[in-house]
Amino acid sequence: MAQSRLEKIGTIYSKIRGFLGSGAIRPEQIPLWYDVYEAFPPKYEPRWDRPHSTQPAKKILYQEDIVRARFYEVFGRQEVIDLNTTGKLKSQIFIDKYMTLHTEGHPAESLWDLTIQALELEGVKFNAKDKDNFEKAPSEENAKPVKPQLSLKDLFESTTPK
């Protein structure tokens, strides 16, 4: 197969199709997007020399984005995003409750405070002086035993003779 490696000649689709035709790649090595591209080809071929659209790109900003930004501004960005867990993030729990109260028709001026109050009633801990500590209260069966806080100073003061 004597095709150019230059990105300006052909598309990635035409290159993969050429690789398949020449036997350079086996059928089990086909990229995942290849079958989707063949089933739903784009309206216009994605080439480098295609004229650009004159329409400005649409700004996509949802109401929940505004709520999430305010949440992180008020409570901080202390939560860890772990893709291996199935639970919701604290910010998402807050946004879900906010949107639920919004669809129920509560006034927009008091919606933020109503959301905080509703989450407190559902067992969410919220300390006004420590805004980063916005955690769900542990349930009875999942509660971990509290470990005593020890310092080395306290430990050595009790063992040294006076």
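Residues are numbered from 1 along each chain as its sequence is written, and side-chain values use heavy atoms, with hydrogens and water left out. As the model is predicted, local features need pLDDT of at least 70 and side-chain atom pairs count only at pLDDT 80 or more, while totals for chains, interfaces and linings use all residues.

Searching the whole structure turns up five salt bridges, a salt bridge being a side-chain nitrogen of Lys or Arg within 4 Å of a carboxyl oxygen of Asp or Glu. One of them pairs Asp96 with Lys88, whose closest N and O atoms sit 2.5 Å apart. Lys88 is exposed at 56% relative accessibility, whereas Asp96, at 27%, is partly exposed (buried is under 20% relative accessible area, exposed over 50%, and partly exposed in between, with a 1.4 Å probe and protein chains only). Elsewhere, salt bridges with shared partners tie Glu64, Asp65 and Arg68 into one network.

Glu64 and Arg68 form a salt bridge at 3.9 Å, N to O, and both belong to helix H3, residues 63-75, where they are four residues apart, about one turn of the helix. Helices here are DSSP runs (H or I, at least four residues), numbered from the N terminus. Asp65 also bridges to Arg68, at 3.9 Å, N to O; these two residues lie three apart in helix H3, again about one turn. As for accessibility, Glu64 comes out partly exposed at 31%, and Asp65 is partly exposed at 26%.
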